[in-house]
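Dear colleague,

I am handing over the structure below, and I would be grateful if you could look through it alongside the notes that follow.

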Amino acid sequence: MINIVSKSGNLAPYLKATTQVVASQIKPLSPAVVTSAKTVVPPNPDLHTSYSLSNSLPTGPLKVTSGPAVSTQVRFAHTDIPVPDFSAYRRKDVQDSTTISRASEESRKSFTYLVIGGGSVVGAYAAKTLVSEFVSSMSASADVLALAKIEIKLGDIPEGKSVTFKWRGKPLFIRHRTSSEIETERSVDVKALRDPQHDSERVQEAEWLVIIGVCTHLGCVPIANAGDFGGYYCPCHGSHYDASGRIRKGPAPLNLEVPPYEFPGDGTLIVG
C-alpha cells in the first residue's frame, strides 16, 4: 500500500511507502514437521577426557602424491598392518639384516655359476634347434626332391642318337656318341673356341654326352644332330654347337651347360 502525503507549508510532496504481508492461500506441499530441541550434555569432568579437534587429526606418517598429470593427494598411511616374518625361510648367515653378507656371497658363487652355465647351454641348444627348424622349413619338400634326380637306362639309347628327357623343368640331352665323333671333338683346337673347354672336361665317359638343352644366348631349345658341326643347332638366332656341346658359331656366348651326373653301374645314369 502506497500513501502520498503533503507537508503543510511545503509544496514539494514526497512519497511514503509501507509494506504489508498477507498470508498466502496456497496449501503447503507437505505438513510441517515438529522437531524437538537437541539436548547438549556437557562432558563429565570425572572422566578426565579432553574433547578437542587435535584428537581427530592423524598422528602417523602422511603419504603425499603429486605430479603434473595427477592431482595432489594427501593420504594417511596405515601403520597398524603387520609385516610377515620370513625368518624361517632365510639362511642363518643372512638372518641379521644389519651385517654385511660378503661371506655368504662367496659361498653362493659356485651355485650362481652353475645356474648361469646350465642356462647358457640350454639357451644355446634351444637357439640351435630353432634355427635348424627354420632353415629346414625353407628347404624343398619331399616331392620336389624326388624330381631332383632322374635315372636313365643307357641301353635304350642307340649309338649315334640323342634322346631328350625332362629334368627339373628343363630339356636334358643324352647323346650316345660314335668313335668318329669322339675323335673329331678331341682333335679340336681349344684355343680357337669362344668358350675354351676340352672335350675330356665335359664328359666322364667318352661315348656319353650329358648336357642341358638350353641355348646360352636367349634360352631357346636347340635341335639335336643339326648345324654346321653335326652337334646341335638353335634355329632362333643361328647358334651352332658341336657334338661336345661347345659353341662354334653364332651369337651364343657360352657352351651348353653340363649338369651333375654319375654312372652307378648296371648300364644306368643318374642325373642330379
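**What was found**

The chain exposes about 20,800 Å², of which carbon and sulfur atoms supply 59%; accessible areas come from the Shrake-Rupley method with a 1.4 Å probe, and for residues only the protein chains shown count as cover. Please bear in mind that this is a predicted model, in which local features need pLDDT of at least 70 and side-chain atom pairs count only at pLDDT 80 or more, whereas totals for chains, interfaces and linings use all residues. Residues are numbered from 1 along each chain as its sequence is written, and side-chain values use heavy atoms, with hydrogens and water left out.

Of the 272 residues of the chain, 21% count as buried (under 20% relative accessible area, with exposed meaning over 50% and partly exposed in between, for a 1.4 Å probe and protein chains only). The chain has four helices and 14 strands, which are DSSP runs numbered from the N terminus (H or I, at least four residues, for helices; E, at least two, for strands).

The largest nonpolar core has 13 residues, and Ile-152, Leu-172, Ile-174, Val-210, Leu-269 and Val-271 are those with the most contacts inside it; such a core is a set of buried Ala, Val, Leu, Ile, Met, Phe, Trp, Tyr and Cys residues joined through side-chain atoms within 4.5 Å. At least two residues of this core come from each of β5 (150-153), β7, β8 (208-212) and β14 (268-271), and β8 gives the most, with three residues. Apart from this core lies another, of twelve residues, among them Val-203, Leu-209, Cys-234 and Leu-256.

Arg-175 sits in strand β7 (residues 170-176) and is buried, with a relative accessible area of 0%. Its side chain makes a polar contact with the side chain of Glu-181 (3.1 Å) and reaches the backbone oxygen of Gly-230 at 3.1 Å. A polar contact here is a pair of N or O atoms within 3.5 Å; within protein, one must be able to donate a hydrogen and the other to accept it, and residues adjacent in sequence count only if both atoms are side-chain atoms.

Finally, a search of the whole structure finds zero disulfides, taken as pairs of cysteine sulfur atoms within 2.5 Å. The sulfur of Cys-220 is 3.0 Å from the closest cysteine sulfur, in Cys-236, and is therefore too far for a bond. Cys-234 is likewise in no disulfide, the nearest cysteine sulfur, that of Cys-215, being 3.9 Å away.

With best regards
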